[in-house]
Protein chains: 2
Amino acid sequence: MPGATVDPVGPNRHSAWVEHAIAALADAGYQRGGARLAVIELLARQGCAMTAIEIDDRLRATDQGIGRASVYRTLEQLEELKLVHRLEMGRGMASYERIEPSGEHHHHVVCEKCGRVEPFEDPGLERAIGRLQGRVGFEVSEHEVVLRGRCPRCA
Amino acid sequence: MPGATVDPVGPNRHSAWVEHAIAALADAGYQRGGARLAVIELLARQGCAMTAIEIDDRLRATDQGIGRASVYRTLEQLEELKLVHRLEMGRGMASYERIEPSGEHHHHVVCEKCGRVEPFEDPGLERAIGRLQGRVGFEVSEHEVVLRGRCPRCA
DNA sequence: CGCTGGAATGAGAACAAGTCTCATTCTCTT
DNA sequence: AAGAGAATGAGACTTGTTCTCATTCCAGCG
């Protein structure tokens, strides 16, 4: 790949996750398909959670014209394989964001007035949750923290 | 009330919250009503979150036969007045639980297999979240932590 | 290559949770 | 006891999601 060493961080900076997802799907016995790939590539480009509706709308608008069923089906498969995280932060609709294989992740603050969502991360919080794992009777595999309040604009 | 000093802790142990809720509603200018009271009394008896559907089903089964609209309307009002907490832990449906005026509260572990929900509390976690408040740009008024995994039975 | 069997896809129907409307009933004040 | 306005409930409606099934696509095989 001559000349390909320039600008490793760009619009495709998360292509590693695309590869990862494709490999995981292949391992799980799935065949390739255009709709699924489109969902994966869209999620790869997002910095934070995106609602199922947004994903669906965006992909429907594409010249490919991806169907609703394919979008939801793909999201379900990706969730099953722990490639994406399903979140319910709003009024009864799900959002999705990719799971980094590194384990790196963030949580969310939601404005209860305008619905704006922002990510944040905090090692102290992660530590507190880590310490908790043994104490609850469950075998915990993931966690989710949502803070609610007013964003600077709405406060 | 002669003889009423026996057994202060019983099925009505949370009647203080009922009073609190009634007072708050009156302060907010609401009139009394049977449907609303029934919702309040049902929530007062629960130890943990209950889905809107369950609440509705239970109250519909009553000889009072409370309507769906009243149930949802009441839940919305109670949420607005910070008398109950709305949670979304499952597949797209809301649960509600009362907010103690003392600020005492718990969080939840959900079994991703069977859907069982259990409460837990942890001061360390609360401290970590408390420390966080200033750092996110929002004016945080509440928070919610959900752990997911396998319950002992499903593990 | 072109076939073929099973997987992936998309249009639209079906479903479930929640919301809205509006006629009736109830509360509270006078 | 009456009137004004709030609370209620039946049922229509909306919205996000899931299901169905006929069609299209992919991948191994001759």
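**View 1. Where chain B meets chain A.** In this predicted model, 39 residues of chain B touch 39 residues of chain A. Putting the two chains together buries about 3300 Å² between them, and carbon and sulfur atoms give 56% of that area. On the chain B side, look for E88(B), F138(B) and R148(B): these lose the most area to chain A, and together they account for 21% of what that side buries.

View 2. Eight salt bridges turn up between chain B and chain A.

**View 3. What chain B brings to the contact.** The elements giving two or more residues to the side of chain B that touches chain A are β2 (84–88), β4 (107–111), β5 (117–120), α5 (123–132) and β6 (139–150) of chain B. Of these, β6(B) supplies the largest share, with twelve residues. Sort that side of chain B by residue type and you get 17 nonpolar, seven polar and 15 charged.

View 4. To get your bearings, find R148(A): its bridge partner in β6(B) is E142(B). As a reminder, strands of a sheet pair through backbone hydrogen bonds.

**View 5. A three-stranded sheet in chain B.** This close-up shows an open, antiparallel sheet of three strands in chain B, in the order β1-β3-β2. The edges are β1 (50–51) and β2 of chain B, each pairing on one side only. Between β1(B) and β3 of chain B (residues 94–98) there are two bridges, and these strands run antiparallel. A handy landmark is M50(B), which stands opposite Y96(B) in β3(B).

**View 6. Chain A on its own.** Chain A has five helices and six strands, and starting from the N terminus its elements go α-α-β-α-α-β-β-β-β-α-β. Along its principal axes, the C-alpha trace of chain A spans about 45 × 35 × 35 Å. Of the 155 residues in chain A, 41% are buried. Take the contacts in chain A between residues at least 6 apart in sequence, and 55% of them join residues at least 24 apart.

Conventions. Residues are numbered from 1 along each chain as its sequence is written. Chains are lettered from A and ligands numbered from 1 in the order in which they are written. This is a predicted model: local features need pLDDT of at least 70, side-chain atom pairs count only at pLDDT 80 or more; totals for chains, interfaces and linings use all residues. Side-chain values use heavy atoms; hydrogens and water are left out. Contact means heavy atoms within 4.5 Å. Buried area is the accessible area (1.4 Å probe) that two parts lose on being put together, summed over both. A salt bridge is a side-chain nitrogen of Lys or Arg within 4 Å of a carboxyl oxygen of Asp or Glu. Helices (H or I, at least four residues) and strands (E, at least two) are DSSP runs, numbered from the N terminus. Ala, Val, Leu, Ile, Met, Phe, Trp, Tyr, Cys and Pro count as nonpolar, Asp, Glu, Lys and Arg as charged, and the others, Gly among them, as polar. Two strands pair if DSSP finds at least two bridges between them. Buried means under 20% relative accessible area, exposed over 50%, partly exposed in between (1.4 Å probe, protein chains only).
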